[in-house]
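Work through the exercises below with the structure in view. Try each task before reading its solution.

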Amino acid sequence: MTSSGRATVTLVGDRDLRIEREFAAPRHLVFRAVTDPELVRRWWHARRGEVTHSEIDLRVGGFWRSVMIANDGTEVAFHGTILELVPNEKLVQTELFEMPGLTEDQATVNTMQLVEHDGRTTMTVDIHCLTPEIRDAILQSGMEAGMQDAYDLLEEVAISLA
């Protein structure tokens, strides 16, 4: 499955997704924009609201959480735990959409890897879902359109740090 934007979303097996996107910034700046809570506030909303909370305890075992109020007044929140960390190269974390009925055991495991060539960074995010139903729910949620806009803003933020 290829997106209409610059990131591509590929189905891998029946439980996983792979997202790939190139950014016009070196990987240390992309990594910083993804892991600094103040910078996350500048792009995570994907032009669909305002980030009201962003916290990241950037260490293995650390907790992260981001919350926004969408333009329609709905609160949207995600959280997780950092499982593996190689600064500027790799970040593995759980991710759970905070909504009634979802439990921690339904969290995805997201592995982000950054590779730099000639000052440009390719980000690959592998999303492992517990079940095919969770993967399909993510795809049907409209996440791709929001992700495309968020990644456009992420690129702007990373470039602004140079």
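**Exercise 1.** At what angle do H1 and H4 pack, and how many Å apart are their axes?

*Solution.* The model is a predicted one. Step 1: the angle between H1 and H4 is about 115°. Step 2: their axes lie 8 Å apart. Step 3: the crossing of H1 and H4 is right-handed.

**Exercise 2.** Find which residues of H1 and H4 meet, and sort them by class.

*Solution.* Step 1: on the H1 side, take Leu29, Val30, Ala33 and Val34. Step 2: on the H4 side, their partners are Leu154, Val157 and Ala158. Step 3: sorted by class, this contact of H1 with H4 holds seven nonpolar residues, no polar ones and no charged ones.

**Exercise 3.** Compare the span of helix H4 with the span expected at 1.5 Å a residue, then state what its buried residues pack against.

*Solution.* Step 1: H4 covers residues 143-160, which is 18 residues. Step 4: the buried residues of H4 include Met147, Tyr151, Leu154 and Val157. Step 5: the buried residues of H4 pack against strands S1 (8-12), S2 (16-23) and S8 (120-128), and against helices H1 (27-35) and H2 (37-43).

**Exercise 4.** How many aromatic pairs are there, and which kind is the pair of phenylalanine 23 and tyrosine 151?

*Solution.* Step 1: rings pair if their centres lie within 6.5 Å, and the count comes to three aromatic pairs. Step 2: phenylalanine 23 and tyrosine 151 are 5.8 Å apart, centre to centre, with 65° between the planes. Step 3: planes over 60 degrees apart count as edge-to-face, and the pair is of that kind. Step 4: phenylalanine 23 is in strand S2 and tyrosine 151 in helix H4, so the pair ties together parts 128 residues apart in sequence. Step 5: both phenylalanine 23 and tyrosine 151 are buried.

**Exercise 5.** Classify the pair of phenylalanine 78 and phenylalanine 97.

*Solution.* Step 1: the ring centres of phenylalanine 78 and phenylalanine 97 are 5.0 Å apart and the planes stand at 35°, so the pair is tilted. Step 2: phenylalanine 78 is in strand S5 and phenylalanine 97 in strand S6, so the pair ties together parts 19 residues apart in sequence. Step 3: phenylalanine 78, at 22% relative accessible area, is partly exposed. Phenylalanine 97, at 31%, is partly exposed. Step 4: Trp44, Phe78 and Phe97 form one aromatic cluster.

Technical notes. Residues are numbered from 1 along each chain as its sequence is written. This is a predicted model: local features need pLDDT of at least 70, side-chain atom pairs count only at pLDDT 80 or more; totals for chains, interfaces and linings use all residues. Side-chain values use heavy atoms; hydrogens and water are left out. Helices (H or I, at least four residues) and strands (E, at least two) are DSSP runs, numbered from the N terminus. The expected span of a helix is 1.5 Å times one less than its number of residues. Buried means under 20% relative accessible area, exposed over 50%, partly exposed in between (1.4 Å probe, protein chains only). Contact means heavy atoms within 4.5 Å. Axes are lines fitted to C-alpha atoms, for helices over the stretch in contact, and angles run from 0 to 180 degrees between N-to-C directions. A crossing is left-handed if the near helix is turned anticlockwise from the far one by less than a right angle, and right-handed if clockwise. Ala, Val, Leu, Ile, Met, Phe, Trp, Tyr, Cys and Pro count as nonpolar, Asp, Glu, Lys and Arg as charged, and the others, Gly among them, as polar. Rings of Phe, Tyr and Trp (its six-membered ring) pair if their centres lie within 6.5 Å; planes under 30 degrees apart count as stacked, over 60 as edge-to-face and the rest as tilted.
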